[in-house]
Every structure is written in structure tokens, then in C-alpha cells.
Amino acid sequence: MKVKKLIELKTNFSFEAPIVSADKRKDREVVVGGESLLDLNHYLAPITKDYFLVRVVGESMINEFIFSGDLLIVKRNETPKDGKIVIAALNGEMAVKIYREMPEGVYLFSANEKFLPIEIKPFWNFEIQGVVKHIIHNT
């Protein structure tokens, strides 16, 4: 699965939705025009400079329920743990994969049996851009 578009979060950009639960804590609630709204930044990207969004294309992560057109909320500069879904820069392309540390080396796995694992070679240009924290499905 490839990254189609990378979107930086701005501090003045706000995720807001009407409150539908009983959670009435004021630090997570915004009142606009008399209507209470839930501040999704608080839940999805509390420190906006630490997060970015990517829109993805492809089918290599379908068994992790990530589909073409979905939007991923990614925490940058987080060291990935084995088994986490990451955004990886690999030889000039950004991809969404499962990060695996094995005795023989680091691998990137797809969540679709049609795709083979990628063994990271020492001479490749490889960098983890961030760890996927949330998935917003494109409906």
C-alpha cells in the first residue's frame, strides 16, 4: 500500500463533531453557536506538530482493515515496536506496512497474502516516518 498524499496538521485546523455521548468534560468540548461540539483533536492528534495525515492507495493492508482512499493519522518520530503499522520511506517511496524485527533483520509485511515481505537491506535508503495511530475510512 502506498501513500497517495501527505497532509500536515495545522494548529488552526480543527476536527469537530456534535457530541453524541454523555461525556461532558469541558476540556474536550467546544461550544460554537450554542451547539456543543466534541474536539476530536484532543483524542486523535493532541499535539498537532507530532502528527500528520496520509491518504493511502492500494490493497496490501486489507487484512488490517486499511483500504484504498482511507486517511491515516500518523505520529511522527515514534520508534516503532514490532508488529506496529508504520509509514516507511523506502528508496524514495512511502509505504504503509507492518514493521517486524526478526533475528535475521528488519522486515516490512503487508496485511494481504498476495504480497511478499520486504527484507530491509543495509544499503537501502530506509526510514520510518511514523507509526499509524488511527484509521479514518473513506466511505
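This note sets out numbered points on the fold, the charged pairs, the aromatic residues and the backbone of the structure above.

1. Basis of the model. The model is predicted: local features need pLDDT of at least 70, side-chain atom pairs count only at pLDDT 80 or more, and totals for chains, interfaces and linings use all residues. Residues are numbered from 1 along each chain as its sequence is written, and side-chain values use heavy atoms, with hydrogens and water left out.

2. Overall fold. Read from the N terminus, the order of elements is β-β-β-β-α-β-β-β-β-β-β-β. Of the 139 residues, 35% count as buried, where buried means under 20% relative accessible area, exposed over 50%, and partly exposed in between (1.4 Å probe, protein chains only).

3. Salt bridges. The count comes to five salt bridges, each defined as a side-chain nitrogen of Lys or Arg within 4 Å of a carboxyl oxygen of Asp or Glu. Side chains of opposite charge can pair when their charged atoms come close. Three of these bridges are described in the next points.

4. Glu59 and Lys114. These side chains meet in a salt bridge at 3.4 Å, N to O. Glu59 lies in the loop between strand 5 and strand 6 and Lys114 in the loop between strand 9 and strand 10, so the pair ties together parts that are 55 residues apart in sequence. Glu59 is partly exposed at 38% relative accessibility, whereas Lys114 is exposed at 64%.

5. Lys133 and Glu78. A salt bridge of 3.1 Å, N to O, joins the side chains of Lys133 and Glu78. Because Lys133 lies in strand 11 and Glu78 in the loop between strand 6 and strand 7, the pair ties together parts that are 55 residues apart in sequence. Lys133 is partly exposed, with a relative accessible area of 37%, and Glu78 is partly exposed at 24%.

6. Asp82 and Arg100. In this salt bridge the closest N and O atoms are 3.0 Å apart. Asp82 belongs to the loop between strand 6 and strand 7 and Arg100 to strand 8, so the bridge ties together parts that are 18 residues apart in sequence. Asp82 is partly exposed at 38% relative accessibility, and Arg100 is partly exposed at 30%.

7. Aromatic pairs. A search of the whole structure finds two aromatic pairs. Rings of Phe, Tyr and Trp (its six-membered ring) pair if their centres lie within 6.5 Å; planes under 30 degrees apart count as stacked, over 60 as edge-to-face and the rest as tilted. The ring centres of Tyr107 and Phe109 are 6.1 Å apart and their planes stand at 45 degrees, so this pair is tilted. Tyr107 is buried at 14% relative accessibility, while Phe109 is partly exposed at 24%. Phe123 and Trp124 form an edge-to-face pair, with 6.4 Å from centre to centre and 90 degrees between the planes. Phe123 is exposed at 67% relative accessibility, and Trp124 is partly exposed at 27%.

8. Surroundings of Lys97. The charged end of Lys97 sits over the ring of Phe115, 5.7 Å from its centre; the criterion is NZ of Lys or CZ of Arg within 6 Å of the ring centre and within 35 degrees of the ring normal. The side chain of Lys97 also makes a polar contact of 2.8 Å with the side chain of Ser110. A polar contact is a pair of N or O atoms within 3.5 Å; within protein, one must be able to donate a hydrogen and the other to accept it, and residues adjacent in sequence count only if both atoms are side-chain atoms. Ser110 is found in the loop between strand 9 (105-109) and strand 10 (118-119) and is buried at 14% relative accessibility.

9. Positive phi values. Most residues other than glycine have a negative phi, and most peptide bonds are trans. Asn77 has a positive phi, near 55 degrees; Asn77 lies in the loop between strand 6 and strand 7 (85-90) and is exposed at 74% relative accessible area. Asn91 also has a positive phi, near 50 degrees. Asn91 is placed in the loop between strand 7 and strand 8 (93-102) and is partly exposed at 45%. Phe123, in the loop between strand 10 and strand 11 (126-136), is 32 residues from Asn91 in sequence and 9.9 Å from Asn91 in space, C-alpha to C-alpha.

Key: Helices (H or I, at least four residues) and strands (E, at least two) are DSSP runs, numbered from the N terminus.
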